[in-house]
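Subject: A structure for you to look at

Hello,

Here is the structure I promised to pass on. Please open it alongside this note, and then read on for what turned up.

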Amino acid sequence: MENLFNAIVLIANYLVIPGMTYGCQLALGALGVTLVFGILRFSNFAHGETMAFGTTIAILTTWWLQSAGVSLGPLPTALLTLPIAILAAIVLCLGTDKLVYRFYRSKKSDPVIFLIASLGVMFFYNGLVRFIIGPKDQVFTDGDRFLITAREFKQITGLNEGLAIKTTQAITVVAAVMIVAALFWFLNKTRSGKSMRAYSDNEDLALLSGINPDRVVMIAWILSAALATIAGTLYGLDKSFKPFTYLQILLPIFASAIVGGLGNPLGAIAGGFVVAFSEVSVTFAYKKFLTYLVPESWAPEGLVQLLSTDYKFAVSFVILVLVLLIKPTGLFGRQSS
Amino acid sequence: MKKLLLALAATTMLAGPAMAENVKLGVILGFTGPIESLTPDMAAGAELAMKEVSDSGALLGGSTVESVRGDSTCVDAAAAQAAAERLITSDKVSAIMGADCSGVTTAILQNVAMANGVVMVSPSATSPALSDIEDNGLFFRTAPSDARQGQVLAEILKENGVKSAALTYTNNDYGKGLAESIKSNVESMGISITISAAHEDGKGDYSAEVGALAQAGGDVLIVAGYLDQGGKGVIQGALDSGAFETFVLPDGMIGDSLPIAIGDGLNGSYGTVPGTDSPGAAKFGEMATAAGFKAGPFSAESYDAAALILLAMEAAGSSDSGALKDKVEMVANAPGEKIYPGELAKALAILSDGGDIDYVGATAVELIGAGESAGNYRQILVDGGKITTTKYR
């Protein structure tokens with residue numbers, strides 16, 4: 001029996017908890033991408049850099065608060081700074097929309113023109129973030145690091161395997177659940193949310209029924225900027241902030257959004273978890289896990305690893321290709337990407 | 001009387017060494033190309049040794065030494081070979097201080113130096129492949145092979161009583177080469193490597209890597225990566241999940257920013273970084289400043305490379321490569337009087353009296369194996385959030 005518990009704890013510690021956290025981070029990022037796609041009908045490549053920009057503001061404000069002696073006790077101070085950071089990101093996104101995307105909207109340009117324009121915006125944000133905070137690593141986590149450490153868990157339970165839960169991991173999951181709930185309430189229950197869904201489903205019909213397109217676009221940018229800032233800050237708290245990784249994380253975020261079906265918020269969340277868990281579980285070595293479960297004589301000699309970690313990134317792209325081949329609109333999608 | 005004079009003349013002729021000449025030494029470095037910022041100081045280091053020997057007037061009965069530079073380009077093997085060919089056949093250099101990068105060094109050695117029987121002493125080629133290359137005893141280097149660090153790390157692991165270790169490396173030539181060297185050395189010490197897994201730099205999440213490493217298990221985790229890249233991410237992840245508590249850090253991971261970023265969790269981890277506490281290093285630094293150049297990377301090795309060639313000439317009593325190649329290891333290694341930078345005149349005097357020297361030089365030279373520097377490493381320990389020196393190896 002103890003072996004069974006050990007096996008469960010082991011999987012929880014190395015697979016479930018990291019996968020959940022990473023999945024939530026990807027899901028929040030993918031939600032922002034998918035909202036912009038649903039309303040503005042293009043893939044916003046600048047989303048990763050929007051995350052970086054929002055996080056930059058959050059870090060700067062955190063430093064300011066820390067120097068003023070403000071803290072949240074066991075929680076990271078950065079959570080307090082989110083409203084300011086979100087506001088800054090919204091100003092940036094709306095400003096960009098006014099200066100760049102509105103021009104192409106008035107010309108009714110192809111989605112691919114928007115996509116390339118967003119690539120240019122990405123490079124601009126890229127430089128902006130490095131200009132403000134520099135290309136280096138920044139650690140801005142404070143408060144308690146762990147809810148429970150592996151060693152404490154072992155002492156309490158007497159098991160061989162430890163279970164560590166970081167404060168930031170717990171915050172990430174709790175925040176993601178709250179935000180997703182709030183977003184769905186907004187989309188399904190409020191007038192603005194309904195008008196957004198209507199606009200996303202059928203633009204012409206929505207316009208005919210008197211929905212103001214400028215307002216819908218503005219709300220989409222506000223939501224996308226807020227989601228990007230929250231996702232970026234949570235990610236930066238959990239790992240660390242380095243502008244370059246926010247460019248790198250764009251790929252798994254897009255993979256998540258596409259796997260789930262671009263334009264579908266529910267799909268973005270599911271896609272985030274599919275990508276995160278497949279990356280971790282396919283390259284996981286199940287040797288110890290099996291050793292706990294099977295009789296001693298059956299214990300595996302090798303590592304029982306399906307794929308070496310070198311192929312980690314291949315995994316999410318194989319899933320992406322499979323989904324596009326079998327169900328081109330994504331697992332939950334209505335619109336073709 | 002006439003016969004006596006003639007006989008005297010003949011003996012002087014035969015005893016060639018005693019006759020002063022103008023010895024030419026080739027300096028083949030990448031004066032253009034990827035490491036062009038380093039090579040001026042490297043050449044200056046080598047030429048400092050030549051000047052010291054010339055000024056002493058003690059080499060082969062008062063011979064002077066002249067430097068002839070050639071451009072290896074670091075990457076273009078054809079250009080490097082042409083430069084070496086010119087130096088050997090037209091300038092008639094006695095030996096070559098160079099080349100710098102491993103690729104062009106191999107090309108010059110195999111296609112030019114061996115064909116002409118000319119000695120090469122490289123200050124900076126570190127590829128493990130050069131250790132067992134066919135060289136007719138003509139090739140030496142004052143830089144350690146990358147393979148050496150694996151050996152040093154293996155010794156440290158053994159001394160710390162490590163029984164098994166997991167290994168992760170950054171997915172590039174540096175990481176792969178180092179990981180291979182660490183793996184083979186550690187295993188030959190009877191320590192098992194439970195897994196050897198690559199990690200990509202600059203990625204967002206390392207839970208998959210940490211998961212695999214943790215399942216394979218081990219007393220310590222060896223991280224052959226970069227301190228501001230994936231190496232840091234893997235350590236952070238391993239500490240967070242409680243997978244490993246002690247980390248072994250090769251040179252790419254050593255820097256003050258790592259303990260600051262990771263925090264207390266890194267205390268007790270240890271590693272290696274090239275370095276020597278030999279008084280020669282400090283002495284060379286002073287000499288370089290006085291001579292008006294910077295003791296930059298590999299310039300001390302260049303000084304030592306040129307000095308070794310010239311000392312071997314004196315020991316052989318000839319500036320001919322065929323004779324001096326057998327004396328390089330003799331002057332570099334014990335027994336004998338220890339020689340530091342700036343003491344080349346003293347060394348030449350000892351050698352001409354038939355004595356023996358142990359050239360220590362600026363980098364504590366000790367030639368091992370097929371004539372390459374044993375390599376000196378600083379063993380470090382992370383203690384109280386700071387990198388501290390345990391000892392030098």
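A residue counts as buried if 20 or more other C-beta atoms lie within 10 Å of its own, as exposed if 12 or fewer do, and as partly exposed in between, with C-beta atoms placed from the backbone. By that rule, 56% of the 393 residues of chain B are buried.

Two notes on reading the model. It is a predicted one, in which local features need pLDDT of at least 70 and side-chain atom pairs count only at pLDDT 80 or more, while totals for chains, interfaces and linings use all residues. Residues are numbered from 1 along each chain as its sequence is written, and chains are lettered from A and ligands numbered from 1 in the order in which they are written.

Let me start with chain B. Its secondary structure amounts to 14 helices and 16 strands; helices (H or I, at least four residues) and strands (E, at least two) are DSSP runs, numbered from the N terminus. An open sheet of 7 strands has the order 2-1-3-4-5-14-13, with mixed pairing. Strand 2 (64–71) and strand 13 (367–368) of chain B are its edges, each pairing on one side only. Two strands pair if DSSP finds at least two bridges between them. Strand 3 (residues 95–98) and strand 4 (residues 119–122) of chain B run parallel and are joined by 3 bridges; A95(B) has V119(B) as its bridge partner in strand 4 of chain B.

Helix 4 (residues 102–116) of chain B lies across strand 1 (22–29), strand 3, strand 4 and strand 5 (139–144) of chain B, at about 175 degrees to strand 4. Such angles run from 0 to 180 degrees between N-to-C directions, and axes are lines fitted to C-alpha atoms, for helices over the stretch in contact. In the loop between strand 3 and helix 4 of chain B sits A99(B), which a cis peptide bond joins to G98(B), with omega about -10 degrees.

Another cis peptide bond links A334(B) and P335(B), with omega about 0 degrees. P335(B) belongs to the loop between helix 13 (328–332) and strand 11 (337–339) of chain B.

Two loop residues of chain B are worth a look as well. L60(B), between helix 2 (39–56) and strand 2, has phi near 45 degrees, a positive value in a residue other than glycine. K92(B), between helix 3 (77–89) and strand 3, is not a glycine either and has a positive phi of about 55 degrees. Which of these is buried and which exposed? L60(B) is buried, with 24 other C-beta atoms within 10 Å, whereas K92(B) is exposed, with 10.

Now for chain A. Of the 26 residues of helix 9 of chain A, 20 are buried, so this helix is largely enclosed by the rest of the structure. The axes of helix 6 (residues 167–189) and helix 7 (residues 191–201) of chain A come within 5 Å and cross at roughly 75 degrees. These two helices of chain A are therefore roughly perpendicular, a term for angles of 65 to 115 degrees.

Finally, where the chains meet, the contact takes 31 residues from chain A and 23 residues from chain B. Two residues are in contact if their C-beta atoms, placed from the backbone, lie within 7 Å. On the side of chain A that touches chain B, helix 1 of chain A gives the most, with 5 residues.

Best wishes

How values were computed:
Parallel < 35°, antiparallel > 145°, perpendicular 65-115°, else oblique.
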